[in-house]
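Please keep the sequence and the 3D view open while reading.

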Amino acid sequence: MIKSVFNYPVSTLLDIESGVVYAIPRYQREYTWSRAQWDALFDDLLENEPNYFLGSIICINQSQDALSVQSLELVDGQQRMTTLSLLLAAIYQSFRVLPNLGMEQQIELYNLKHKLVLKKKSDQPRLIPRCRTTISRITSRCSAKPGFWTMSSRCSTQVTAVC
């Protein structure tokens, strides 16, 4: 039974203060998007008004403890959420290596990181993707900051998101 339906911006779904983890259940299809779908989503982001409707995100709350990390099964919108997470990870990766970031840019980079991993538990990725291949945590390329994931080349597209 659906208990609530709200029109939230994507930024709210990935709010850095929330303790929400989105897990894509086994019965959902694997991540299959490629360049055509990425381009269409990015065009929607760039060409439309800020409150443009990107599509439904439907979750089932699997949490038992109100004070623990809230685990939501992502049953609709997983391709969009995965793609948006990958986009944010790519932006983060590009900017984190820039030298001489000012204080404001460092704060923005910190906030961006915590859209991808939980603020209070930085080894916990915010999105747990579904793929038929092995998804493993990256530690060697993360300077002892695990939490991002990679999909090996057996997925339709090779993707790596590194902290």
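Which backbone oxygen does the side chain of R126 reach at 3.3 Å? It is the backbone oxygen of K115. The model is predicted, and the points below are grouped by topic.

**Confidence**

- The average pLDDT of the protein is 77, and 75% of the residues score at least 70.
- Residues 133-163 have a pLDDT below 50.

**Nonpolar cores**

- The largest nonpolar core has 15 residues, and Y22, L74 and M81 touch the most other members.
- At least two residues of this core come from each of β1 (20-23), β3 (70-76), α3 (78-96) and α4 (103-116). Helix α3 gives the most, with four residues.
- A second, separate core has six residues, among them Y31, W33, L41 and L84.
- As a general point, nonpolar side chains in soluble globular proteins tend to be buried together.

**Y22 and L13**

- Leaving out residues up to four places away in sequence, Y22 touches L13, L14, C59, L72, L74, M81, R126, L127 and I128.
- L13 is found in helix α1. The residue counts as buried because its relative accessibility is 16%, under the 20% cut-off.
- With the same exclusion of residues up to four places away, the contacts of L13 are Y8, Y22, I57, M81 and R126.
- L13 and I57 are 44 residues apart along the chain, and their C-alpha atoms are separated by 9.3 Å.

**R126, a buried arginine**

- R126 lies in the loop between α4 and β4 (127-128).
- This residue is buried but has no salt bridge. The nearest side chain of opposite charge belongs to D15 and is 7.3 Å away; that distance rules out a salt bridge because the limit is 4 Å.
- The backbone of D15 is another matter: its oxygen lies 3.4 Å from a polar atom of the R126 side chain.

**Salt bridges**

- The structure holds two salt bridges. In general, side chains of opposite charge can pair when their charged atoms come close.
- One is formed by K119 with E17, and the closest N and O atoms are 2.6 Å apart. This pair links distant parts of the chain, 102 residues apart: K119 is in the loop between α4 and β4, and E17 is in the loop between α1 (10-13) and β1.
- K119 counts as partly exposed because its relative accessibility is 32%.
- The side chains of D39 and R35 also meet in a salt bridge, at 3.4 Å from N to O. D39 and R35 are four residues apart in helix α2, so about one helical turn separates them.
- R35 is exposed, with a relative accessible area of 59%, whereas D39, at 33% relative accessibility, counts as partly exposed.

**S34**

- S34 is found in the loop between β1 and α2 (35-47).
- At 31% relative accessibility, S34 counts as partly exposed.
- S34 and T83 are 49 residues apart in sequence, and the distance between their C-alpha atoms is 9.5 Å.

Terms used
Residues numbered from 1 in each chain as written. Predicted model: local features only at pLDDT ≥ 70, side-chain atom pairs only at ≥ 80, totals over all residues. Heavy atoms only, no water. Core = buried A, V, L, I, M, F, W, Y, C linked by side-chain atoms within 4.5 Å. Buried < 20%, exposed > 50% of the residue type's maximum accessible area, 1.4 Å probe, protein only. Contact = heavy atoms within 4.5 Å. Lys, Arg positive; Asp, Glu negative; His and termini not counted. Polar contact = N/O pair within 3.5 Å; in protein donor to acceptor, adjacent residues only side chain to side chain. pLDDT = per-residue confidence, 0-100.
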